[in-house]
Amino acid sequence: MPFQVHPGNLEDIPLCTAIQWQALASNPFWQVHFPNGGTQDLQNCMTYHTEYEFNNLDMYVFKAVNTSRPNDILGYAKWTVEEGNLISGADVGKTTTGEQTTTMQYETATDSPSFCPPPVADEDSNDSVFKAWLPEVMDIRRTYLTGTRTIMLDDLCVLPDHQRQGLGTLLLKKLVDFADNRSLPCYLESTPVAFDMYLHQGFRKVDEVEIDLANWTKGYGMYKTVMMYRDVSGALDRQRNETM
């Protein structure tokens, strides 16, 4: 089945949010963080956040579609060009989804009176697991997102029925093409499942964070987030991997 990747627009964001919830439904961290799944209130709130970012930050969305049915979005990637001014952990602000601001440009944008996300019930978001995970993650982000303009891959999600068909790689290639054309490094945070895909596009592992989800929900165990970085020379690594 042929696929293509196109720039996304504001009207695509609600569907991208729905795809994100379907793609991450089996992710243990999301299951513990959002114990009631993707409630409508949560989806509305996350859609609002992404729409606001799309309008106010240097953010890009690309969508993967079936060539014969171009209105059907099967996956998407979202990234932001960070300006190298990551805020300190003490300045990180809480939002209604339990997510927190991570960059100076995001903090400035969300400080606007026009930023007013819809509310989310407390029982739908287990903020404590996110707060335990975030400080070490922020320390690593400061290492790689401070001092130079860097692309941060925020999301790369594909519908479960269309995973392992090359859509993730197509979306990732769009990101690295974007980066290479601008001579910008890239940073992302991955589960181990996608590790090899990122390696083949010139990323390298730079750190990892583990958290024991059993501290919040019985039956869960250690959860690992892998931090990966692709400097400007990653284009050469990518070319070597594609010829192998």
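Predicted model: local features only at pLDDT ≥ 70, side-chain atom pairs only at ≥ 80, totals over all residues.
Contact here means heavy atoms within 4.5 Å.

Arg 204 sits in strand E6, which covers residues 204–212. Leaving aside residues up to four places away in sequence, Arg 204 touches Leu 199, Met 227, Met 228, Tyr 229 and Asp 231. How far apart in sequence and in space are Arg 204 and Asp 231? They are separated by 27 residues along the chain, and their C-alpha atoms are 9.0 Å apart. Arg 204 itself is partly exposed, at 40% relative accessibility.

Next, the salt bridges. Side chains of opposite charge can pair when their charged atoms come close. The cut-off is a Lys or Arg side-chain nitrogen within 4 Å of an Asp or Glu carboxyl oxygen, and the count by that rule is 12 salt bridges.

Where do Asp 139 and Arg 142 lie? Both are in helix H5, residues 127–145, and because they are 3 residues apart there, about one helical turn separates them. In an α-helix there are 3.6 residues a turn, so residues three or four places apart point the same way. As for accessibility, Asp 139 is partly exposed at 44%, and Arg 142 is partly exposed at 24%.

Is Arg 69 buried or exposed? Arg 69 is exposed, at 52% relative accessible area, while Asp 72 is partly exposed, at 28%.

Now the network. Salt bridges link Glu 53, Lys 78, Asp 154 and Asp 155. Glu 53 belongs to the buried residues of helix H3, so let me finish there.

Helix H3 takes in residues 40–56, which is 17 residues. From first C-alpha to last, H3 reaches 24 Å, close to the 24 Å expected at 1.5 Å a residue. Its buried residues include Leu 42, Cys 45, Met 46, Tyr 48, His 49 and Tyr 52, along with Glu 53.

That's my last slide.

Key:
Residues numbered from 1 in each chain as written. Heavy atoms only, no water. Buried < 20%, exposed > 50% of the residue type's maximum accessible area, 1.4 Å probe, protein only. Helix = DSSP H or I, 4+ residues; strand = E, 2+ residues; numbered from the N terminus. Expected span 1.5 Å × (residues − 1).
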